[in-house]
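Subject: Structure handover, with notes on cavities, pockets and rings

Hello,

Please find the structure below, for your files. My notes come after it.

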Amino acid sequence: MAKKQSKCVFWNVFTAFTMRNRTSLTTVLLGWLAVCGIWAQTSQLIDDRYLEDQFYIGLGINFLLDRPTDVVQRSLSYSLQTGFIKDIPLSARRNVGLGLGLGYAVNSYYTNIKATQVGDAITYEVVSTDDIVRSKLETHAIEIPLELRWRTSTAEEFRFWRIYAGGKLGYVFSGRSRLVMDETGAEGFSNGDIRKLQYGLTLSFGFNTWNIHAYYALNPLLENGIQVQGGEFIDMRTL
């Protein structure tokens, strides 16, 4: 009898508590559902003032144009680039804008031009590819890209086509020539003949996160008046 009575007392207390707090529980439940509904609606709001700021990294191949007679490119003349471009919208739809950025690039150029430094003087000679393993000109530069941007983006669409055209200004803070005559011997030096200020035209075309990027230099890689032995000027520029 004692156990049965205690069960009845417990049930009466539980029922009374439930009845008394049913209104409170209902209020809490409805409030929680309302908060969830507001959060869901807020999470679906569209940001119509979006920006296409861009961190980029690129890998390219350098082609040397206007090479002196008998100069050939060897191995893989590569380009590595990285940086950030700030988006500045120009239209209400934000599909037209400007891009202004800051980046870093390292470029290498492999040819059969042998550069030799004697004192402060640097001489250049076109040699047979059989006489050297490789001859490399390498630059490290800070770059400032400026682009006019057109894209098919919308506030809801994150995958879109783009065409970005513009220019790029670069400052070469380090440039070296390196020559490998055989597998065991190599020599290099800081090359002051490399033009410090370089600039050119750029074009990027792509979809989503992948782009094809082209750069055409408007000024030569080396300073004016640099000649190879024989008198021909070195006016090579980069594509």
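The notes cover pockets, cavities, aromatic pairs and charges over rings.

This is a predicted model, in which local features need pLDDT of at least 70 and side-chain atom pairs count only at pLDDT 80 or more, while totals for chains, interfaces and linings use all residues. Residues are numbered from 1 along each chain as its sequence is written, and side-chain values use heavy atoms, with hydrogens and water left out.

Pockets

The search ran on a 1 Å grid over the protein atoms alone: a pocket is an open set of points with protein on both sides within 12 Å along at least five of seven lines, a cavity is a set of points where a 1.4 Å probe fits but cannot get out, and lining residues have an atom within 4 Å of a point. Grid points are joined across faces, edges and corners, and a volume is the space filled by probe spheres set on the points.

The largest pocket holds about 970 Å³ of space. Its lining has 41 residues, with Tyr56, Gly58, Gln81, Ser204 and His213 nearest the centre. β1 (54-61), β3 (78-89), β4, β7, β8, β10 and β11 each give two or more residues to this lining; strands are DSSP runs of E with at least two residues, numbered from the N terminus. β1 has the largest share, eight residues. By class the lining has 17 nonpolar, 17 polar and seven charged residues (Ala, Val, Leu, Ile, Met, Phe, Trp, Tyr, Cys and Pro count as nonpolar, Asp, Glu, Lys and Arg as charged, and the others, Gly among them, as polar).

The second largest pocket has about 190 Å³. Of its 12 lining residues, Tyr50, Leu51, Glu52, Glu157 and Phe158 lie nearest the centre.

Cavities

Two cavities of 30 Å³ or more turn up in the whole structure. The largest cavity has about 130 Å³ of space. Among its 13 lining residues, Thr111, Ile113, Tyr124, Leu137 and Ser177 are nearest the centre. β4 (96-111), β5 (113-118) and β7 (134-151) each contribute two or more residues, and β7 gives the most, three. Eight of the lining residues are nonpolar, four polar and one charged.

The second largest cavity has a volume of about 30 Å³. Its lining includes Gln198, Tyr215, Leu221 and Arg237. At least two lining residues come from each of β11 (210-217) and β12 (237-238).

Aromatic pairs and charges

There are four aromatic pairs (rings of Phe, Tyr and Trp, the last by its six-membered ring, with centres within 6.5 Å; planes under 30 degrees apart count as stacked, over 60 as edge-to-face and the rest as tilted). The ring centres of tyrosine 104 and phenylalanine 173 are 6.4 Å apart with planes at 35°, so this pair is tilted. Tyrosine 104 lies in strand β4 and phenylalanine 173 in strand β8 (residues 161-180), so the pair ties together parts 69 residues apart in sequence.

Tryptophan 161 and phenylalanine 207 form a tilted pair, 4.9 Å centre to centre with 45° between the planes. Because tryptophan 161 lies in strand β8 and phenylalanine 207 in strand β10 (residues 197-207), this pair ties together parts 46 residues apart in sequence. Trp161, Phe205 and Phe207 form one aromatic cluster.

Arginine 149 lies over the face of tyrosine 164, 4.3 Å from the ring centre (NZ of Lys or CZ of Arg within 6 Å of the ring centre and within 35 degrees of the ring normal). Lysine 168 lies over the face of tyrosine 215, at 4.8 Å from the ring centre.

Regards

Methods. Helices (H or I, at least four residues) and strands (E, at least two) are DSSP runs, numbered from the N terminus.
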